[in-house]
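These are my notebook entries on one structure. I went through it site by site and wrote down what I looked up.

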Amino acid sequence: MSKVLVLNASYEPLNLTSWRRAVILILKGKAEQLEYSEKLLYTELPLPTVIRLRYYVRVPYKEIPLTRRNILERDDHTCQYCAYRGDNLTLDHVVPRSRGGRETWDNLVAACVRCNVNKGNRTPEEAKMPLRSLPRRPYSSLHFEIARYVKSGRNQEWKKYAIGL
Ligand SMILES: [Zn+2]
C-alpha cells in the first residue's frame, strides 16, 4: 500500500506514514486531507495521499549524510556532464581536490569515467564541460525521499509540497 505524505500545520513536509495512520489522524480530527487517490477506502472515504496536521509540530533539523550513494541518488545516477545514466559512475570534484576543492555537497557530482578523465585537473569552465545542474545539499532526508517517489513516477501530487523538485 502506498505511503501518505504528512504536512505540518505550516504545510511543510513532516514525514511519511501509512494510510492506516493517516486515516486515524483524519477520523480523530487531528489532520485534514489535502490530496487523495482515485481508490476508495470505504464508499465515503477516498484513500488519502497527502494530509496536513491541524497542529504545529516542532522538528529538529536532521542532517543528511554526505555519502557516495546519496550523491549518486541526488544526481539521479546520471553523469552531470554528458547525461550518461547507469551504474558505472564516479564522483567528480567540481573544483579539483588538488586546487582546494572540498568534499561537500556543492563540490561533488556524479560523473561517468570518461567525463571524469576528460575533465582531469580542470574546473568545468576550463574544461568547457558545463554542469547540467548546480549541485547542492538536499533540503532534508524527507525531501530526498519525496524526490525518489516523484522521480519514480509515483505520487506526482507530492511534488507541489516539496521545495526544489
Ligand atoms: Zn559523462
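Buried here means under 20% relative accessible area, exposed means over 50%, and partly exposed lies in between (1.4 Å probe, protein chains only). This is a predicted model: local features need pLDDT of at least 70, side-chain atom pairs count only at pLDDT 80 or more, and totals for chains, interfaces and linings use all residues. Residues are numbered from 1 along each chain as its sequence is written, and side-chain values use heavy atoms, with hydrogens and water left out.

**Entry: the zinc site**

I started with the metal. Which residues coordinate the zinc ion? I found C79, C82, C112 and C115, each through SG, at 2.3 Å. Donors are N, O and S atoms within 2.8 Å of the metal (3.2 Å for Na, K and Ca); water is not among the atoms, so sites may look incomplete.

I looked up the spacing next. Along the chain, the donors follow C-x2-C-x29-C-x2-C.

Why is the arrangement called tetrahedral? The four donor atoms subtend angles of 101 to 117° around the zinc ion, so the arrangement is tetrahedral. The rule: four donors count as tetrahedral if all angles lie between 85 and 135 degrees; four count as square planar and six as octahedral if opposite donors are over 155 degrees apart and all others between 65 and 115; anything else is irregular.

C79 has a relative accessible area of 0%, so C79 is buried. C82 is at 36%, so C82 counts as partly exposed.

Helices (H or I, at least four residues) and strands (E, at least two) are DSSP runs, numbered from the N terminus. I found D75 in the loop between α2 and β5 (89-93). Is D75 buried or exposed? Its relative accessibility is 7%, so D75 counts as buried. Contact means heavy atoms within 4.5 Å. Not counting residues up to four places away in sequence, D75 touches Q80, L108, V109 and A110.

V113 is in helix α3 (residues 113-119). V113 has a relative accessible area of 41%, so V113 is partly exposed. With residues up to four places away left out, V113 touches N88 and T90. V113 and T90 are 23 residues apart in sequence, and 6.2 Å separates them C-alpha to C-alpha.

**Entry: the second largest pocket**

I moved on to empty space. Rolling a probe the size of a water molecule over the atoms shows where empty space is left. On a 1 Å grid over the protein atoms alone, a cavity is a set of points where a 1.4 Å probe fits but cannot get out, and a pocket is an open set with protein on both sides within 12 Å along at least five of seven lines; lining residues have an atom within 4 Å of a point.

What is the volume of the second largest pocket? I noted about 520 Å³. Grid points are joined across faces, edges and corners, and a volume is the space filled by probe spheres set on the points. The second largest pocket is lined by 20 residues, and P13, L14, V59, S140 and L142 are the closest to its centre. β2 (13-17) and α5 (141-151) are the elements that give two or more residues to the lining.

The lining divides into 12 nonpolar, five polar and three charged residues. Ala, Val, Leu, Ile, Met, Phe, Trp, Tyr, Cys and Pro count as nonpolar, Asp, Glu, Lys and Arg as charged, and the others, Gly among them, as polar.

V59 got a closer look. V59 sits in the loop between β4 (45-53) and α2. V59 is at 51% relative accessibility, so V59 counts as exposed.

**Entry: α5 and what follows**

Which residues of α5 are buried? I listed L142, H143, F144, I146, A147, Y149 and V150. Their cover includes β1 (4-7), β2 and α2 (68-74).

Just after α5, G153 takes a positive phi of about 90°. N155, in the segment after α5, has a positive phi of about 50° although N155 is not a glycine. N155 is buried, with a relative accessible area of 12%.

**Entry: Y11**

Most residues other than glycine have a negative phi, and most peptide bonds are trans. Y11 has a positive phi, near 75°. I placed Y11 in the loop between β1 and β2. Y11 is partly exposed at 42% relative accessible area.
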